[in-house]
Amino acid sequence: MENAPLFTNDAIVFGILMLSLGLVFYTESKKTKFWTTFYKYIPGLLMCYLIPAIFNSLNIISADTSQTYFIASRYLLPAALVLMTISIDLKAIFNLGWKALIMFFTGTLGIVIGGPIAILLISTFSPETVGGAGFDAVWRGLSTLAGSWIGGGANQAAMLEIYEYNQELYGGMVLVDIVVANIWMAIILLGIGKRKKIDNWLKADNSAIDELQAKVQNFSDKITRVPTLNDYMMILGFTFVAVGIAHFGSEEISSFLNTNFTAVSDPSSPLSSFGSGFFWLITIATVIGILLSYTKVKNYEGAGASKIGSIFIYILVATIGMKMDLNKILENPGLILIGLVWMTIHAVLLIIVAKLIKAPYFFLAVGSQANVGGAASAPVVAAAFHPSLATVGALLAVFGYVVGTYGAILCTELMKIVATN
């Protein structure tokens, strides 16, 4: 490979990612003036994301030659969801109320209207950027972004099939997806460090979130004990049995649905996301965690179950960061600009609605990531507020898969109208 990274061995890549995480946690724990000031403005979670991105940009490691993201997203993410859900109070989750759903659908609406508005704005000074004819038409390619940013990978693939975009040009759209979505996630992570100021500006009511966190914290404090080797083995035992069941169930369900239902097996069908194994993997893992929360297994929270889940989440964050190549931000400036304008409209709409309904920054951040980032990053962002909130991110992300293709079709039809008139 001509542009192969310095390290392609996954054991070495994983070591570098763990070094990055260790470095962040070590420096964040230092009480010197420099590091205290640094982490006051730059959240540790953002650094866990950016350092691997820098290593990738310097071609030291690369997500293109590594399986670490796949392993983290397929094995560690469902494990984290189980561990962070076993101590959850489902009633308290529902008590978060309607604002969570409002912000989720606001995020969806922002993507739906953001695409056509971005095309209109860019066409005023660079019509060739949003032009193209036939299967090369840019609006067809942008349909895949709409699918990805409302649902996920399955919805993105569905849009590629439905609108038959030239697959030789598809790489450019994937680049926009990765660059813009990762820039936006970095901004959201940056905002988490300033959430109190943001919530004050939004005049947000955090009582339901605080109540949920307090319930989980009180339960954890009540049952906290010094963990033994037996505790750790039991935690890892039931967690990865659950992950195995989630994988088995996801394979069986997706295979059954794809075999027996044409609407699911047809990649161009709005229902094709139900044939996605990842969709069912996240769904089943979350359901297992919720079911275990009604058993004595929830007492393992006292031995640090959610802390182990947090470790898995941070590893996932590092592998997501490794997908970001800072060098490619200006590689295709026209398309990147469309993506940035599009994401800005999504963000502005979320901010306006959050201000109007006094929704906490948590709902804004997770509502956005449940759309744009999907099941891989929404639980990450939710858990950054508190481990007990990871379930909220997972549930909203699964919802995004369901509505993704329908929202993306509406967005694409609007983009087609503005691009061809």
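Author: N59 is found in the loop between α3 (44–57) and α4 (68–85). Helices (H or I, at least four residues) and strands (E, at least two) are DSSP runs, numbered from the N terminus. This is a predicted model, in which local features need pLDDT of at least 70 and side-chain atom pairs count only at pLDDT 80 or more, while totals for chains, interfaces and linings use all residues. Residues are numbered from 1 along each chain as its sequence is written, and side-chain values use heavy atoms, with hydrogens and water left out.

Reader: Is K203 buried or exposed?

Author: Buried means under 20% relative accessible area, exposed over 50%, and partly exposed in between (1.4 Å probe, protein chains only). K203 counts as exposed because its relative accessibility is 59%. N59 has a relative accessible area of 31%, so N59 is partly exposed.

Reader: Which loop holds Y300, and which residues does Y300 contact?

Author: Y300 is in the loop between α14 (277–292) and α15 (305–321). Y300 counts as buried because its relative accessibility is 16%. Contact means heavy atoms within 4.5 Å. Leaving aside neighbours within four places in sequence, Y300 is in contact with R225, D231, M234, I235, F238 and A305. Y232 is 68 residues from Y300 along the chain, and their C-alpha atoms are separated by 9.0 Å.

Reader: What does S143 touch?

Author: S143 lies in helix α7 (residues 138–150). With a relative accessible area of 0%, S143 is buried. S143 touches M159, Y163, A408, T412 and M415, not counting residues up to four places away in sequence. T108, in helix α6 (residues 98–123), is buried at 9%.

Reader: How many residues of α18 are buried?

Author: An α-helix has 3.6 residues a turn, so residues three or four places apart point the same way. In helix α18 (residues 378–385), seven of the eight residues are buried. These are A378, P379, V380, V381, A382, A383 and F385.

Reader: How do I read the fold as a whole?

Author: The protein has 19 helices and zero strands. The radius of gyration is taken over C-alpha atoms, and the globule rule is 2.2 Å times the number of residues to the power 0.38. For 421 residues a compact globule would have a radius near 22 Å, and the protein, at 21 Å, agrees. Buried residues make up 55% of the 421. Of the contacts between residues at least 6 apart in sequence, 85% join residues at least 24 apart.

Reader: Where is confidence lowest?

Author: Where pLDDT is low, the predicted coordinates should not be read in detail. pLDDT is the predictor's confidence in each residue, from 0 to 100. Confidence is lowest in helix α5 (residues 90–94), at a mean of 71, and highest in helix α1 (residues 10–29), at 96. The mean for the protein is 86, and 98% of its residues reach 70 or more.
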